[in-house]
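I opened a new notebook page today, and you are welcome to read along. Here is what I looked up, entry by entry.

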Amino acid sequence: MNEKDAFAELSSIRDLMERSSKFISLSGLSGILAGMYALAGAGWAYLLLKHHSWFNLGSAYEKEPDILMQLFLIALAVLILSVVTSYWLTMRKAKSRQENVWNPVSKRMLTAIAIPMITGGLFMGILLLKDVYTPIASASLIFYGLALVAGSQYTYDDVKWLGIGEIILGLLALLLPGYGLIFWAIGFGILHIIYGAIMHYKYER
Amino acid sequence: MKDSLEHFDKAFENRIRLQIMSVLAANIGYDFNSLKDLLQITDGNLASHIKALEKEEYISITKSFIGKKPNTQYAITKKGKTAFKKHLQALENLIKQQK
């Protein structure tokens with residue numbers, strides 16, 4: 001064995017270790033699309049709430065359960081659209097890379113994500129039941145951010161930074177109650193678009 | 001030169017065995033079918049190399065069932081990890097020596 005062989009062997013070992021332990025079929029485009037859905041949703045929600053001043057948004061929900069229901073449906077629609085889109089794009093990318101989507105790494109990644117996501121979902125459900133609306137925007141950003149950080153150990157490091165960004169925005173949203181919609185638009189809209197663009201630029205060109 | 005070659009593990013002379021060890025070194029565990037998909041080799045081929053590595057006690061095997069489907073998980077042993085690290089070190093030394 002000469003130096004070149006040893007070098008080739010080492011780099012193929014490194015490549016395989018990386019490939020077998022990271023799920024890299026995530027698509028940057030799905031981040032951009034999810035961000036756009038979120039911005040559209042936030043725009044729609046803004047139209048619903050237009051006649052309320054930003055400072056009174058919290059009380060607006062309580063006075064008008066109808067608006068609350070509509071906001072909930074918008075958020076749900078954005079969530080479902082985003083999940084379906086990223087699932088579809090991820091499947092497509094995995095297929096083109098001849099990678100099996102359902103491999104040990106993607107399973108571990110989903111388990112890591114699921115725990116903070118389900119906890120967050122239940123947490124927000126309980127807040128709704130108790131008629132406490134103000135921290136909901138903050139909680140959704142924080143739990144989503146924690147889920148991303150937890151899942152990021154099985155994929156690109158960039159996902160961790162997206163998660164940390166969401167957590168910071170969530171904390172700010174808690175600090176500035178009443179501006180939830182703006183933080184939602186920044187966190188789920190603008191951050192996703194920036195993240196998606198970076199991913200696309202870095203790994204898909 | 002000869003000295004560093006002695007550190008090369010005979011078990012890793014085969015490329016596929018080295019690949020299996022690389023995957024198991026980077027993960028807490030991996031199952032048979034996923035390994036097969038990843039390395040793109042046949043059942044029989046993978047099984048024979050796994051047997052060889054098991055004989056060296058470099059990997060451990062856990063058999064279980066998921067529903068009715070058998071699920072066989074492989075993991076690297078302490079001995080395997082040490083051998084794998086030694087092999088990587090030997091490769092690195094070889095590169096350094098020739099520089």
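The entries below go from one chain to the other and then to where they meet.

**Entry 1: the model.** I started by checking what kind of structure this is, and it is a predicted model. I kept that in mind for every entry.

**Entry 2: chain B as a whole.** I looked up the secondary structure of chain B and found five helices and three strands. Following the sequence, I read their order as α-α-β-α-α-β-β-α. Next I checked the extent of the C-alpha trace of chain B, which is about 55 × 25 × 20 Å along its principal axes. Chain B has 99 residues, and 25% of them count as buried. I also looked at contacts in chain B with a separation of 6 or more, and 57% of these join residues 24 or more positions apart.

**Entry 3: one glycine in chain B.** I picked Gly80(B), which sits in helix H5 (residues 78-97) of chain B. Is Gly80(B) buried or exposed? I found 22 other C-beta atoms within 10 Å, so Gly80(B) is buried; the cut-off is 20 or more. Then I asked what Gly80(B) touches, leaving out residues up to four places away in sequence. The answer is Met21(B), Tyr58(B) and Ile59(B). I also noted Glu57(B): it is 23 residues from Gly80(B) along the chain, yet their C-alpha atoms are separated by 6.9 Å.

**Entry 4: helix H2 of chain A.** I turned to helix H2 of chain A, residues 28-49, which has 22 residues. From first C-alpha to last it reaches 32 Å, close to the 32 Å expected at 1.5 Å a residue. I listed buried residues of H2(A), among them Gly28(A), Gly31(A), Gly35(A) and Gly41(A), along with Ala34(A), Ala38(A), Ala42(A) and Ala45(A). Ser30(A) and Leu33(A) are buried in H2(A) too. What covers the buried residues of H2(A)? The cover includes helix H4 (65-96) and helix H8 (180-203) of chain A.

**Entry 5: H2(A) against H4(A).** I followed up on one of those partners. The axes of H2(A) and H4(A) are 9 Å apart, and the two helices pack at an angle of about 170°. That angle makes H2(A) roughly antiparallel to H4(A), because angles over 145 degrees count that way. Sorted by class, their contact has 17 nonpolar, seven polar and no charged residues.

**Entry 6: another helix pair in chain A.** I looked next at helix H6 (residues 136-151) and helix H7 (residues 158-175) of chain A, whose axes come within 7 Å and cross at roughly 160°. H6(A) and H7(A) are therefore roughly antiparallel to each other. The crossing of H6(A) past H7(A) is left-handed. From H6(A), the contact residues include Leu141(A), Gly145(A) and Leu148(A), and from H7(A) they include Leu162(A), Glu166(A) and Gly170(A). By class, this contact of H6(A) with H7(A) has 15 nonpolar, five polar and two charged residues.

**Entry 7: where the chains meet.** How many residues does each chain bring to the contact? Chain B gives 18 residues and chain A gives 14 residues. On the side of chain B that touches chain A, helix H2 (15-26), strand E1 (30-31), helix H3 (32-39) and H5 each supply at least two residues. I noted that H2(B) gives the largest share of that side, six residues. By class, the side of chain B that touches chain A has 10 nonpolar, five polar and three charged residues.

Terms used. Residues numbered from 1 in each chain as written. Chains lettered and ligands numbered in written order. Predicted model: local features only at pLDDT ≥ 70, side-chain atom pairs only at ≥ 80, totals over all residues. Helix = DSSP H or I, 4+ residues; strand = E, 2+ residues; numbered from the N terminus. Buried ≥ 20, exposed ≤ 12 C-beta atoms within 10 Å, placed from the backbone. Contact = placed C-beta atoms within 7 Å. Expected span 1.5 Å × (residues − 1). Axes fitted to C-alpha atoms, helices over the stretch in contact; angles between N-to-C directions. Parallel < 35°, antiparallel > 145°, perpendicular 65-115°, else oblique. Left-handed = near helix turned anticlockwise from the far one by under 90°. Nonpolar A, V, L, I, M, F, W, Y, C, P; charged D, E, K, R; others polar.
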